[in-house]
Amino acid sequence: MATSDICADLRTREVADDLVRAGRERLYPGISNPNWCILRRRSEIFHRWFHGLCLQNARVLDVGGRIQPYRELIPFAHTYWSIDIRQTALVNVLANAEHLPFADNSVDIVICTQMIEYVTDPSVLAREIHRVLRVGGSLFLSAPSIFPRDSVQDRWRFFPVTLRQLFSNFSELEIIPECASVAGFLRTVAVMLHFWARYDAARFVLGLSLIPLLNICGYLGEIVSSTRDGSFTVNYSVRAVK
Ligand SMILES: C[S@@+](CC[C@H](N)C(=O)[O-])C[C@H]1O[C@@H](n2cnc3c(N)ncnc32)[C@H](O)[C@@H]1O
């Protein structure tokens, strides 16, 4: 192999390592992560959901799969396609998910986490996912309900009623709030502090001080508060069976 090829190979592997690290931080978030409370909860929910699947040689499609936090929860995958509009070392299908380049009924599991808010029309994406799933196949999705706009591509937020409408043609649907209002409110404060702290040093200090404090207060607040008020739930996990 030529030296330039070896360097390119090392660079790709480095980028892949960064993405895998980013994925692991989403699956097992540290306490200094401003999204700790919802990532932690989603991880629990997805662990339980995937554990309950009895599938051999599953064909899995990760929609918006630039980073693949939940991939390691599916060791029984035979094929793992990852579709995204951004090419990374983990993406093997470069395409717009509103036109999935897959045949009808060709996939056993679709994972679609934190991406539906970016598409032009979420109902088109929901129809496409339904089309490519085989009958009895499952969709595992997560979607934000309250989150500051993070880019110019960010278009939508979702409530349970919207999610029920989007996935109404599935035969089974489960929607789980990833937190109630106390943790949701404190997580939003943590995210905004992280946004506003423009310098790495400021983020580092926040990550050692206020953000862990907000995370712990959110966690304990939900345990001790008698209400499970969901008016400030910030994110939902969704499981739908075709
Ligand atoms: C916030 S990231 C989520 C990554 C990963 N699914 C996760 O949960 O960490 C959203 C991803 O969706 C991708 N994306 C946005 N719009 C898309 C589209 N129309 N088709 C395919 N991918 C899209 C983005 O490029 C990005 O990689």
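**Exercise 1.** What pattern does the chain follow, read along the sequence?

*Solution.* Start with the counts: the chain has seven helices and seven strands. These are DSSP runs, with helices (H or I) of at least four residues and strands (E) of at least two, numbered from the N terminus. Now walk along the sequence, and you get α-α-β-β-β-β-α-β-α-β-α-α-α-β.

A quick word on the model: it's predicted, so local features need pLDDT of at least 70 and side-chain atom pairs pLDDT 80 or more, while totals for chains, interfaces and linings use all residues. Residues are numbered from 1 along each chain as its sequence is written, and side-chain values use heavy atoms, leaving out hydrogens and water.

**Exercise 2.** Compare the chain's radius of gyration with that of a compact globule.

*Solution.* For 242 residues the rule gives near 18 Å; the chain has 19 Å, which agrees.

**Exercise 3.** Find out which residues surround the ligand.

Next, check the polar contacts (pairs of N or O atoms within 3.5 Å). The side chain of Asp84 has an N or O atom 2.6 Å from a ligand oxygen. The side chain of Asn96 places an N or O atom 2.9 Å from a ligand nitrogen. Ile85 uses a backbone N or O atom, 3.4 Å from a nitrogen of the ligand.

How values were computed. A residue is near a molecule or strand if one of its heavy atoms lies within 4 Å of it. A polar contact is a pair of N or O atoms within 3.5 Å; within protein, one must be able to donate a hydrogen and the other to accept it, and residues adjacent in sequence count only if both atoms are side-chain atoms. The radius of gyration is taken over C-alpha atoms; the globule rule is 2.2 Å times the number of residues to the power 0.38.
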